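Here's a quick tour of a single chain, going from one part of its fold out to the overall numbers. Have the viewer open as you read.

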Amino acid sequence: MKKIITVDGPAGSGKTVIAINFVKRMLANDATIVFLCHTTNLGTYLAELFTGSVNNNLYVGNIFSVERKIESMIDAHSDFGLSDKQEEKYKKLMSDKEEWLIENTVKENKKPIAFFIENIYRYFDILNITVDHIVIDECQDFETEWLESLELANTYNPAGKFYMFGDPG
């Protein structure tokens, strides 16, 4: 079974519509989905489209909004008590993030969002969430390393798939 599925086509060919319908179908089957894009406008549109969805298993929007949502979920959990193991993982993650930011944003001029993307699987692990499917729209706007890192988010689910929608090339 192929784990990575790519859909490419020129602008306006319906890739986003197909991605949205995939996500709706997966939500109907109680899947946990990360549905990301890079641009703010599309992220806002996607988040609004799924607002009111009874399924809490969807993490949708642009990379930045999804990062904020997941970090606020962890903060909320820590307010009400993470397990010792979760707390330990969270402290380690935040320590690594601080170290990464100091090292990479100065020397290599990497974007801070890269840490989140490279470690998204750790964020979900802290929350004990198994990601079933990852859907990336406008994947041509993502750096190659980001796509490779995002693929790790559903490593723990052998039936999970990674869908990429983007312009050719």
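## Strand pairing

Strand 4 (residues 133-137) runs parallel to strand 5, and five bridges pair the two. Helices and strands here are DSSP runs numbered from the N terminus, with H or I and at least four residues for helices, E and at least two for strands; strands pair if DSSP finds at least two bridges between them. One of the bridges links His 133 to Lys 161 in strand 5. To get from strand 4 to strand 5 the chain goes through helix 7 (residues 144-151), a β-α-β crossover that is right-handed. That label applies when, with the strands pointing away from the viewer, the path from the first strand over the helix to the second runs clockwise.

Strand 5 also pairs with strand 1 (residues 4-8), again in the parallel sense and over five bridges. Here Asp 8 has Gly 166 of strand 5 as its bridge partner.

## What covers strand 5

## A buried asparagine

Asn 104 sits in helix 4 (residues 84-108). Its relative accessible area is 6%, so Asn 104 counts as buried. Skip the neighbours within four places in sequence, and Asn 104 is in contact (heavy atoms within 4.5 Å) with Asn 109 and Lys 110.

## The whole chain

In total there are seven helices and five strands, in the order β-α-β-α-β-α-α-α-α-β-α-β along the sequence. The radius of gyration is 16 Å, close to the 15 Å from the globule rule for 169 residues, so the chain is as compact as a globular protein of that length. That radius is taken over C-alpha atoms, and the rule is 2.2 Å times the number of residues to the power 0.38.

Of the 169 residues, 44% count as buried. Among contacts with a separation of 6 or more, 73% are between residues 24 or more positions apart.

## About the model

This is a predicted model: local features need pLDDT of at least 70 and side-chain atom pairs pLDDT 80 or more, while totals for chains, interfaces and linings use all residues. Numbering starts from 1 along each chain as its sequence is written, and side-chain values use heavy atoms, leaving out hydrogens and water.

Notes: Buried means under 20% relative accessible area, exposed over 50%, partly exposed in between (1.4 Å probe, protein chains only).
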